[in-house]
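Subject: Structure handover

Hello,

Here is the structure I said I would pass on. Please open it alongside this message.

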Amino acid sequence: MVGCADGMATPALSGAEAAVPPTPTVKLTTTAAEPVTAIPPAYPAYPGPAADTPLTAYPGPPTATPLSTPTRRIVPTPFQPPPDPYESNGDSFQPHISADGRIIAFLSAGFLNNDKNSAVSVFVRDQISQTTTLVNVGFGNASPQISVNGAALSANGRTIAYYSFEGDLVPGDEMDCASENDPMMSCEDLFIYDRETGLTERIPLGRGQGLGGDYTLALSADGRYVAYGFTIYDRETGQTETIPTMDDQPPDGYTFAPQFAANGDVAFVSRADNLVPGDEGGFFDVFVWERQTGQLNRISAGNADSGMSSTGEGYWGELAISSDGRYLAYASTASNLTPDPLAECDSYLGYTRICYNIYLHDRETGQTRLITLHSDGDNVNPSLSADGRFLAFSSRATNLTSDALSCAFPTCNQIFRHDTQTSQTTLISRAPGGAPGNHESYRPAISADGRFIAYTSNSDNLVPDDTNNASDIFLYDRESGQTERVSLTDIGPIPDPLPDVDAAALLPRLAFRTVSGESLRQLHLPPYGFRSDDYCQRGPFQWLNNEYLLLFPVTGFDYWYANPAGVQTTQPAVVNLNGGAWAVASPPADGCDLPVWSAALGRLIEAGDGEVRLRDLAGAVTAVYPGSYPLDLAPSGRRLLANMTWIDLDSGETYTFVPKSEKGRIRFPRPAWAADERRFFSCCFEYGDVTTGEHWRRSEIPGFFVGGMDAPRDYLGSASYWVADDSQLLIRPEAITFMGNNNRSVVPLIDPAAQTFEDVTKRLNLPDSVVNCVPNVAPDGRHFWLSCGQHLENDYLFHYPTSYLISLPSFDVITTTGAIDFRGWSANSGFVAYAQLDDEQAHTGTTWLMNMDGRRWQIDDEAARHTHWNPTKPIAAFRFEEAQRVLFVHAVTQTRREIRFDAPIAGLVWQPDGMGAAVWDVACTEQGRCNGRIYLLPNPLNPDSEPIPLTPPLPDVHTVRWSPDGTRLAFVSGTDLYTVEIK
């Protein structure tokens, strides 16, 4: 049960500083999280280093001892056959393997599981359950939009770390690297994902430009510590350590590629010369930092008895350290690490150089050993087993084994395993018949006992049926000698090109079934579901009346990739809640050319074959007019623009405008209709008058023009509004700017009949530094609120320090000072809401209401993020950064009520009559599954009215819409449409 505070009636408006006192809150309890199945640790927890524990020599097993079977534990769950695997349709690379070989983490640009675009993402493959999991999933289960950089896996297989610029991986991740050129920029941060809890942790790094190519990082065996650059972060304490230097300054050279030993030591590579004495020349060197003692040692300095130091071209990019920290493997072109003769390799710059070779250093004896002796090709990417016996690496050499290898680029690079006890080197990247891989193989990662080796390869002969023409992740088992592919998905193949859905076969599936009680019903629609929420500004569905819905099922994609936010094709269909569906005439190739609904006439309007057809809800044609897509319906529902034809749907009168130039089809995108619905205007810039026959379309109006266009693909024009008794127009720009002839930002108040304008910024005497002004027009067209940004000499302010409330046609002005975020008009145009910010970046401040006389009062001591005005009453619902509370305020009586929830509120929508509202939350379980539950607030300001749960938790709830009479809600979850009846 929830409790609600009494609504308190405060005195009427009492001046600018009349603040409303806080009220008690209510608590809403969400469903409990699903139980978590613990993943047993696959690697011993890090006990902390012991300074007095000496390194022990690895004796190696007796030669007669057979290879032991590693522990590959299965979580005790009821048996379920693994899903059929399918190959990825994009490149996969950079594998990391857990100590027991069960878990493989890797990066991929393919569409695996719920990753719906080509951004590089982090995936985890469980070799026991044969499932692939997307790691960098957004808050609310959103598909990632920005590629990750780098990844690391803890030895116990539980923790994954990666870099990302994504701004919605965790709640509260701010766009903290915003700039004038990119106001929505998020900093690159470090993220840690816990497979056991399903939670993602953010470590803010504040990097606006990223690492410049160094995306190496490492996790300790138990996942407690993460190393990046020259920093180590302790997830338990939140403290950081930095690599010590001789001068107590940061390393003066490139420092990267950290690796943890199980005892806490950290190995890394650096070009810095201020780490240890005697290191000069800026060469790449390998170091080990003994964190317990603070001792820092250079490893790549030759054998202890020779005094040699590294003077070569340097280090390749990866190193490996054994679990006890005794052995280190690395690649180098240095010529003086051992006395062994070294082969030369061709340089990509046209000269010869010493080949990259793999070296193994023993910290106990101080000896460095050349592993790739006499190699005639580059050897890189070392990876060590826990005891240091087995070493995997990639090589272009042809003489490491007796296998016939060809060095014709790029088909030479192969994966090898070297046994440091027997000095035997084995080719790993083999086809089933024993032939080497037929393309590049690289980046091996070896399990703790050396049994399993994961690696990347472009070869298509390593496993049968490798047909995706992409790099994949493979896993070699030295006990069985078998190789399998692990970069697989269990969601089914994604053909290229994607097939279209047969519209005729689709119709019988458009039927609702009851799924919960008598009120909740579901329409299940695989494989693509419904069109995304914002595409073409129509969404996936709309109510026609209280029994019929117009649906937009996705039937195919214009692009080859499966991206629900991309260019979709759809088959509009009318569905009766009680059964029956019929298809609307298929639209042209432009997916935004869609039918429209006239509630006033009770008719669905479609176009095709040069005519416009009106259909009743049974699908019967009731009227036909000339015209074509696009269709735009006037507010009354009785006038229509069908491309260049205006139609009076009551009288049948039509008028067709004749373009005066051949500039392609004129769309009148998002026209503003005058009150008589015989005149219309659209940005940018087009005007038509049916009465006079006047029509013009211009790229500019003398004195100002569109100064910049960075519009998205589905841009339909900026919103236009008739103001001042339909004699003038204001445009609310979207993705464009307006500039005067002197390149000064302008806000045009347009007289379309005279084709002239007045610049609002000039009338207000705003300085030339003011830019990006946005007029927010009141519903009655008699007022507008103007907010602007400002360019300063070395900075850009998102908010000019004054905002303006302007009345028309008198142009009376009321000013409000401070950084103001406008939060909307009441339905009667009598009140505005806004947030006054103390800190623009943090979005902290206060929330205010103001009436048209300029009287204002504070509503809350936190800046509202979202405001939802009631459609019939001057009541506002405010949502905040702390998104678990909603504040309702009556602007006239100042009655207020706050409701708190246990989960963040994702959205709110008022009933059509304004009596109640629906809200839905986003509640995430410990496994990372995010669900939404919808609640009804029957009368939010009534203290006795409690929120009523309408649905069980469902994933990815969006596009919640009321039926016209407010008795039903429809919404989308996943690929399904639901309706719920309000009893």
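Below is what was found in it, starting with the whole chain and ending with single residues.

Overall picture

Please keep in mind that this is a predicted model. The protein has 983 residues, and 55% of them count as buried. Its secondary structure consists of two helices and 83 strands. The accessible surface is about 39,900 Å², with 50% of that belonging to carbon and sulfur atoms. If you take the contacts between residues at least 6 apart in sequence, 51% join residues at least 24 apart.

Confidence

The average pLDDT of the protein is 80, and 77% of the residues score at least 70. Where pLDDT is low, the predicted coordinates should not be read in detail.

Disulfides

How many disulfides does the structure hold? There are two. A disulfide is a covalent bond between the sulfur atoms of two cysteines.

One of them is formed by C345 and C355, with the sulfur atoms 1.8 Å apart. C345 sits in strand 21 (residues 344-346), while C355 is in the loop between strand 22 (352-354) and strand 23 (357-362), and the two cysteines are 10 residues apart. The torsion about their S-S bond is about 95°, so this disulfide is right-handed. C345 and C355 are both buried.

The other is formed by C773 and C788, whose sulfur atoms are 2.0 Å apart. C773 belongs to strand 61 (residues 770-777) and C788 to strand 62 (residues 783-791), so the bond ties together parts that are 15 residues apart in sequence. Here the S-S torsion is about 110°, so the disulfide of C773 and C788 is right-handed. C773 and C788 are buried.

A further cysteine, C412, is buried as well, with a relative accessible area of 0%.

Strand 75 covers residues 917-921, and five of its five residues are buried, so the strand is largely enclosed by the rest of the structure. A917, V919 and D921 point one way from strand 75, whereas A918 and W920 point the other way, and all are buried.

Which strands pair with strand 75? One is strand 74 (residues 905-910), which pairs with strand 75 in the antiparallel sense over five bridges. Within this pairing, I905 has D921 as its bridge partner. Strands 74 and 75 form a hairpin with six residues between them, and G914 in the turn has a positive phi of about 75°. Another partner is strand 78 (residues 934-937), which runs antiparallel to strand 75 and is joined to it by four bridges. Here A917 has L937 as its bridge partner.

Another part to look at is an open sheet of four strands in the order 50-51-52-53, with antiparallel pairing. Its edge strands are strand 50 (672-673) and strand 53 (695-697), each of which pairs on one side only. Strand 52 (residues 686-689) and strand 53 run antiparallel and are joined by three bridges. Y687 has W696 of strand 53 as its bridge partner.

Two loop residues

Is Q127 buried or exposed? Its relative accessible area is 7%, and since buried means under 20%, Q127 counts as buried. Q127 lies in the loop between strand 5 (121-126) and strand 6 (131-134). Its side chain makes a polar contact with the side chain of E484, at 3.1 Å.

T895 is in the loop between strand 72 (885-890) and strand 73 (896-901). With a relative accessible area of 15%, T895 is buried too. The side chain of T895 makes a polar contact with the side chain of T893, at 2.9 Å.

That is the handover.

Regards

Definitions and conventions: Residues numbered from 1 in each chain as written. Heavy atoms only, no water. Buried < 20%, exposed > 50% of the residue type's maximum accessible area, 1.4 Å probe, protein only. Contact = heavy atoms within 4.5 Å. Areas by Shrake-Rupley, 256 points an atom, 1.4 Å probe, with all protein chains shown as cover. Disulfide = S-S within 2.5 Å. Pairing = 2+ DSSP bridges. Polar contact = N/O pair within 3.5 Å; in protein donor to acceptor, adjacent residues only side chain to side chain. pLDDT = per-residue confidence, 0-100.
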